[in-house]
Every structure is written in C-alpha cells, then in structure tokens.
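Subject: Structure handover

Hi,

Here is the structure for you to look through. My notes follow below it.

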Amino acid sequence: MNKYFLSIMSILILFQSFRVLDEILYHHDDVEVRGYKIIDKENTRNNETKEEVKIELDIENLFTNADLKKGRKLSKQCASCHDFSKNLSIKIGPPLWGIVDRKTAIIADYKYSKSLSKVKRNWTKLELFNFLEEPKEYLKGTSMMYKGLKKIDDRIDLISYLESLR
Ligand code: HEC
C-alpha cells in the first residue's frame, strides 16, 4: 500500500461521485405523458419554442389509456350548451352525437359563427384535442364561450367518451 495507490483510489472515488451527482442534477427524461411521447406535426404553432416543438403527439397511443367514465363526467361541462343524444337537438351549441370524424359545421339548422363555417375539415380526435384545449385561441372568432380543458388526460378521456356516441 503506498500513497500512489491511495491517490488513484481517491481520484476514482471522486470521479464516481461526480457521475452520481450528474445523474441526480442533470437527469432529463424525454417529455412523456402517460408514458407516450406527444407528436403534433400538423399543429405546430410558429411561436412555440424548440422545447415545445419536441413534444410530439401520437394521438392514437394516448387513447389506449383513456378513461371513458371520467370522460362522461367531464362532458357535464358541455351539457349546458350541447345535446349528446341521438335526437340531435340544438341548444346554445350544435348537437354532438357522432361528433368524432363528423364534418365541421354540418348541422343544417344550426347557425354557426363565420369562423367555424369557414373551416372545412373533419372533427378528428386530433382536431378535437387541439380545439378543446382553448377553443377561442384555436379558432379565433368562434362563438363557443368555453374556457377549455387544459389537462391532456382530461381531453383524451372526454374525446374517448365523445367517440362512444355513435
Ligand atoms: C357556453 C356554451 C358552450 C359550452 C360550455 C361548450 N360549447 Fe361547444 N359550442 C358552443 C357553441 C356556441 C358552438 C358553435 C361555435 C361556432 O359556431 O363557432 C360550439 C361548437 C362546438 C363544436 C363544433 C361542432 C360542429 O358541429 O362543428 C364542438 C366539437 C364542441 N362545441 C364541443 C364542445 C365540448 C366537447 C364541450 C365541453 C368540453 C363544449 N363544446 C362546451 C357552445 C358551448
């Protein structure tokens, strides 16, 4: 046992503790939601930072853990303005029976806002997912006065409930 050996040992120990520290301080996981990466290629807004762009939305994957019951509860937030039944009754808003993959603004007797009438798309799950986060932000000029559902899981659960309405 000599002092060279001792100093090599202490260097090794020091080195190892740096690695542990580094692991503790700088350990980043990829952004994951319910174990899935989010890919949102279609709707990457210009002002998003790189970090946000990295969030990728693989919408189908998100739905594998959807909680339909929770979605039904959340739909109470919409029920004051929307009918969910097959009757397709018009309330303050258009009826939502069969809304998933339905064409936008297609209920003939409903007077849509100009901005929603102009949108010629389908209400895909991804479209609903983005719209429901903050409707007035996503569709400027919409007459839907609803603050939005901020939590990703809430939107996923709600949309899976909407999908069951067919
Ligand atoms: C305060 C009333 C109100 C609430 C609450 C509300 N909406 Fe709406 N919603 C509207 C109105 C009004 C429109 C028509 C928007 C337009 O024409 O711009 C609309 C339109 C929609 C559309 C487009 C339908 C179509 O035929 O193109 C969807 C989808 C929708 N709402 C989903 C929801 C969901 C899901 C909720 C609950 C999370 C919700 N809304 C909560 C009033 C509301």
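Which element supplies the largest share of the shell around the ligand? Helix α7 does, with three residues. Please keep in mind that this is a predicted model.

The ligand site
The ligand sits in the largest pocket. Around the ligand are 26 residues. Cys78, Cys81, His82, Ser113 and Met144 are the closest of them. Two helices, α5 (76-79) and α7 (125-133), each give at least two residues to this shell. By class, the shell has 18 nonpolar residues, seven polar and one charged.

- Serine 113: a polar side-chain atom is 2.4 Å from a ligand oxygen.
- Alanine 105: a backbone N or O atom lies 2.8 Å from a ligand oxygen.
- Arginine 102: a side-chain N or O atom is 3.0 Å from a ligand oxygen.

Proline 135
I also looked at proline 135, which lies in helix α8 (residues 135-138). Is proline 135 buried or exposed? Its relative accessibility is 0%, so proline 135 counts as buried. Leaving out residues up to four places away in sequence, proline 135 touches Thr142, Met144, Tyr146, Lys147 and Gly148. Met144 is also listed among the residues closest to the ligand. Between proline 135 and methionine 145, the C-alpha to C-alpha distance is 8.0 Å. The two are 10 residues apart in sequence.

Best wishes

Terms used
Residues are numbered from 1 along each chain as its sequence is written. This is a predicted model: local features need pLDDT of at least 70, side-chain atom pairs count only at pLDDT 80 or more; totals for chains, interfaces and linings use all residues. Side-chain values use heavy atoms; hydrogens and water are left out. A residue is near a molecule or strand if one of its heavy atoms lies within 4 Å of it. A polar contact is a pair of N or O atoms within 3.5 Å; within protein, one must be able to donate a hydrogen and the other to accept it, and residues adjacent in sequence count only if both atoms are side-chain atoms. On a 1 Å grid over the protein atoms alone, a cavity is a set of points where a 1.4 Å probe fits but cannot get out, and a pocket is an open set with protein on both sides within 12 Å along at least five of seven lines; lining residues have an atom within 4 Å of a point. A molecule sits in a cavity or pocket if more than half of its atoms lie within 2 Å of its grid points. Helices (H or I, at least four residues) and strands (E, at least two) are DSSP runs, numbered from the N terminus. Ala, Val, Leu, Ile, Met, Phe, Trp, Tyr, Cys and Pro count as nonpolar, Asp, Glu, Lys and Arg as charged, and the others, Gly among them, as polar. Buried means under 20% relative accessible area, exposed over 50%, partly exposed in between (1.4 Å probe, protein chains only). Contact means heavy atoms within 4.5 Å.
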